[in-house]
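Visitor: Can you walk me through this one? I'd like to start with the strands.

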Amino acid sequence: MLDASEGYVTEDGRKIGGVVMEMKNITLRFGGVVAIKDISFDIREGEIRAIIGPNGAGKSSMLNVISGFYVPQEGEVWFHGKKRPPMKPYEVARQGIARTFQNIALFEGMSVLDNVMTGRLNFMKTNILQQGLWMGKAEAEETENREAVEKIIDFLEIQHIRKTPVSRLPYGLKKRVELARALAAEPKLLLLDEPMAGMNVEEKEDMCRFILDVNDEFGTTIALIEHDMGVVMDLSDRVVVMDYGKKIGDGTPDEVRNNKEVIDAYLGVSHD
Amino acid sequence: MPDQLIYAMEVILNGLMAGVLYALVALGFVLIYKASGIFNYAQGVMALFAAMTLVGIMNGQVPFAHLINAIFGGHITHFGWNIPALLAIILTMGVMVLLAWAVQHFVMRHLVGQEPIILFMATIGLAYFLEGVADLMWGSEIKTLDVGLPQGINLWIDETTYNIFGYGFFIDNLDIVATIIAALLVAALVAFSQYTKQGRAMRAVADDHQAALSVGISLNFIWVMVWSVAGFVALVAGIMWGTKSGVQFSLSLIALKALPVLMLGGFTSIPGAIVGGLIIGVGEKLFEFAVGPLVGGATENWFAYVLALIFLVFRPQGLFGEKIIERV
C-alpha cells in the first residue's frame with residue numbers, strides 16, 4: 001500500500017514526502033529491563049506520525065531515543081538519509097529536531113516571550129560583544145528573530161500572555177508555550193510527548209486544532225505520543241503501536257484499529 | 001550641624017564603599033549558584049588565586065619555580081621581565097578561563113545530577129586544592145599588588161567637605177575606584193545576561209536543564225562560561241582587595257564576609273548581592289561607630305553574622321531571593 005521511497009497521499013489530500021527519519025532495529029535496555037525491543041519504523045516528510053500504546057509500552061523511551069536523551073544499545077537512527085552517530089541531546093536539537101515534554105519543561109522564571117525566544121538561540125550568529133553593546137548586526141538580528149517569534153505567538157493565540165512569567169500560567173497554556181518554543185526553532189521534525197496529557201476536553205480540542213494547523217501551515221513533520229486513542233486516530237496519518245517494548249502494529253488509523261494484536265493490547269487479553 | 005551627625009555621614013560613606021567590595025565577592029557566588037545550583041565555597045580562594053597569578057605574571061615569576069628547582073636542582077625564580085598591568089590582567093583572565101574549563105572538565109562534569117551537598121563538598125575540596133596550587137605556583141609569601149590604581153585620601157572630597165561642614169571626610173581613592181568598577185561590572189553582567197544569546201542560554205540552563213538541552217544549549221559550554229565569569233569577578237575582587245590589603249592567605253577569608261551578604265540579599269539575586277553588601281558595609285561601620293565604644297569595640301567581626309542570623313529567622317529567602325514555596 002505504501003511506496004517505500006516515494007511517499008503517499010493522505011485521505012484529506014495532503015502530499016506526504018520521502019523518509020525524514022528512520023529507526024532501524026532499535027533496542028534500548030536499562031540494566032536488565034528491555035524498554036524497547038528491536039523496533040523499526042520511519043517518519044515521512046509532512047506527516048503526523050503517532051506512537052501509541054498502553055502505559056509502560058516504551059513510547060516515551062522511543063521519543064527520547066529520537067531526541068538523543070537516550071542512546072540505544074542496538075540499532076541505527078537515520079536522519080535525512082544519513083546514519084546518525086551517537087549524539088548529545090543539544091546536538092540533536094541543533095540538527096533541527098525540537099521536542100516538548102510530558103511533564104512540561106519550560107523556563108519558569110522567564111516570560112513567555114523569553115521562553116519562545118530561547119527556541120531561536122541557534123539562529124543568533126552575532127558575537128557576544130555586538131549583542132551586549134547592541135552594535136553591528138545585533139539589532140537587525142534580534143528584530144528578525146523577534147518577528148519570527150511573534151508570528152508563532154500570534155499563530156498559537158498566546159499574545160495576551162507574552163510578558164507573563166511562565167510560572168503563573170495554567171497548565172493548558174504552559175503546554176501551548178512549550179509548543180511555541182519548539183516551533184520557534186523551525187524544526188524539521190517536531191516531537192510531542194503526550195501533548196494532550198492532563199488537559200480537559202476543551203483544551204484538548206484546542207491543542208488538536210493547533211497541531212493540525214501547525215502541520216498544515218508550516219508543513220512541519222510531527223511525531224507524537226498519545227494516550228488518548230480517540231484523539232490519535234483523528235489526528236494522525238500513520239500510527240505505530242507499541243506494547244511491552246515491542247511493535248505490534250504500524251499503519252493508517254483504520255488499519256491499526258482493526259489489528260487484532262492492537263485490540264488485544266488495549267482491551268487486555270491474558271498473555272499466555 | 002552637630003559633629004556626631006557629620007561623623008556618622010563619613011562613616012556611612014565609608015561603609016558604602018566597603019559594602020561594594022563585599023558585594024563584589026558575593027556576586028561571584030550568586031552567578032554560579034544561579035546558573036548551576038552550586039554554592040561555590042572556592043569563590044574566595046579563586047579571588048586569592050587570581051590576585052596571586054596577577055602579581056606573579058606582572059613580576060615575571062616562573063610558575064612552580066620551587067618545584068622545578070627541587071626536581072632539577074636549578075635556581076630559577078624569575079624570567080627577568082616585567083609585564084605591564086593591563087596585559088597581565090588579560091593573561092590572568094586567560095588563566096581563569098583555563099581554570100574554569102578544568103573545574104568543569106575534571107570535577108563538575110562528573111557530578112551532574114548529584115545532591116547539592118555533594119557539589120558543595122566538591123567545591124570545598126576545590127578550595128583547598130586551589131589554595132595549595134596557588135602557593136606551589138607562586139610561593140606563599142605576602143606580596144604587594146600595584147596595578148596603578150590610585151590610593152590614599154581623596155583630597156577633593158576632603159577639601160569640599162571641609163568647606164561645607166568644617167570637617168574633612170576621609171575617603172580612600174581606591175574605594176572610589178572600586179565603586180566605579182563594581183558599577184561597571186554589574187552593568188556589564190546585566191547587559192550580558194539580558195541581551196546576549198549566551199546570557200539567555202545561561203538563564204535557561206539555570207532554570208531547567210532538560211528544556212535547555214531540548215533547544216540546543218550545551219550544558220558543558222554554559223557551565224565553563226559561568227565559571228569563567230565567576231573567575232572574572234574573582235579577579236576583579238582579587239585586584240581590589242589585593243591592592244587594599246596585600247595579596248596573602250587572608251584574602252580568601254573575605255569569602256566568609258560574603259556569606260552574610262548572601263543571606264541578606266538572597267542567593268539568587270544580583271541586585272540582592274549588591275544591596276546586601278551595602279547594608280552589611282554600612283551596618284557594620286555604623287554599629288561600630290555608635291555601639292562599639294559602649295561594648296569595647298571589635299563589633300565588625302560579628303555584626304554581619306548576627307544581622308544575617310536575624311534575617312534568616314524572619315526572611316529565610318533573603319531580601320530579593322526567590323520565595324521558597326513547597327506544596328504539600
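Visitor: Which residue in E9(A) does Ile97(A) stand opposite?
Guide: Leu189(A) stands opposite Ile97(A). Strands here are DSSP runs of E, at least two residues long, and helices are runs of H or I, at least four, all numbered from the N terminus.

Visitor: How do E8(A) and E9(A) run?
Guide: E8(A) and E9(A), residues 189–193, run parallel, joined by 3 bridges. Strands pair if DSSP finds at least two bridges between them.

Visitor: Before we go on, what kind of model is it, and how are things labelled?
Guide: It is a predicted model: local features need pLDDT of at least 70, side-chain atom pairs count only at pLDDT 80 or more, and totals for chains, interfaces and linings use all residues. Residues are numbered from 1 along each chain as its sequence is written, while chains are lettered from A and ligands numbered from 1 in the order in which they are written.

Visitor: Back to the strands. What sheet do 6 strands form?
Guide: An open sheet in chain A, in the order E8-E9-E10-E5-E11-E12, with mixed pairing. E8(A), 97–99, and E12(A), 246–251, are at the edges with a single partner strand each, so each has one side without a neighbour in the sheet. From one strand to the next, the twist averages 20°. Angles run from 0 to 180 degrees between N-to-C directions, and axes are lines fitted to C-alpha atoms, for helices over the stretch in contact.

Visitor: How do E11(A) and E12(A) pair?
Guide: In the antiparallel sense, over 5 bridges. Val239(A) has Gly251(A) of E12(A) opposite. E11(A) and E12(A) make a hairpin with 2 residues between the strands, where Tyr244(A) has a positive phi near 45°.

Visitor: Which strands does helix H10 of chain A lie across?
Guide: H10(A), residues 260–267, lies across E11(A), residues 238–243, and E12(A). H10(A) runs at about 125° to E12(A).

Visitor: What about the sheet of 4 strands?
Guide: That open sheet has the order E4-E3-E6-E7 in chain A, and its pairing is antiparallel. E4(A) and E7(A), 82–83, are the edge strands, each pairing on one side only. Helix H1(A), residues 59–66, packs on the sheet and touches E3(A) and E4(A). The direction of H1(A) makes about 120° with that of E3(A).

Visitor: How many bridges hold E3(A) to E4(A)?
Guide: 8 bridges pair E3(A), residues 19–30, with E4(A), residues 33–44, in the antiparallel sense. Phe30(A) stands opposite Val33(A). The two strands form a hairpin with 2 residues between them, and Gly31(A) in the turn has a positive phi of about 60°.

Visitor: New topic. How many residues of chain A are in contact with chain B?
Guide: 25 residues of chain A are in contact with 20 residues of chain B (C-beta atoms, placed from the backbone, within 7 Å). On chain A's side, H2(A) (89–94), H3(A) (112–118) and H4(A) (128–133) each supply at least two residues. H2(A) gives the largest share, 4 residues.

Visitor: How many of chain A's residues there are nonpolar, polar and charged?
Guide: 14 nonpolar, 7 polar and 4 charged. Asp, Glu, Lys and Arg count as charged, Ala, Val, Leu, Ile, Met, Phe, Trp, Tyr, Cys and Pro as nonpolar, and the others, Gly among them, as polar.

Visitor: Now chain B. How many residues has helix H1 there?
Guide: H1(B), residues 3–36, has 34 residues. Gly37(B) follows H1(B), with a positive phi near 70°.

Visitor: At what angle do H8(B) and H10(B) pack?
Guide: About 105°, with the axes of H8(B), residues 197–207, and H10(B), residues 219–245, 10 Å apart. Gln198(B), Ala201(B), Met202(B) and Val205(B) of H8(B) meet Leu219(B), Ile222(B), Met225(B) and Val226(B) of H10(B). The residues of this contact divide into 7 nonpolar, 1 polar and no charged.

Visitor: Last one: how much of residues 12–33 of chain B is helix?
Guide: The span is 100% helix and 0% strand, with its end C-alpha atoms 30 Å apart. Residues 176–196 of chain B are 95% helix and 0% strand, with end C-alpha atoms 29 Å apart.

Notes: Two residues are in contact if their C-beta atoms, placed from the backbone, lie within 7 Å. The expected span of a helix is 1.5 Å times one less than its number of residues.
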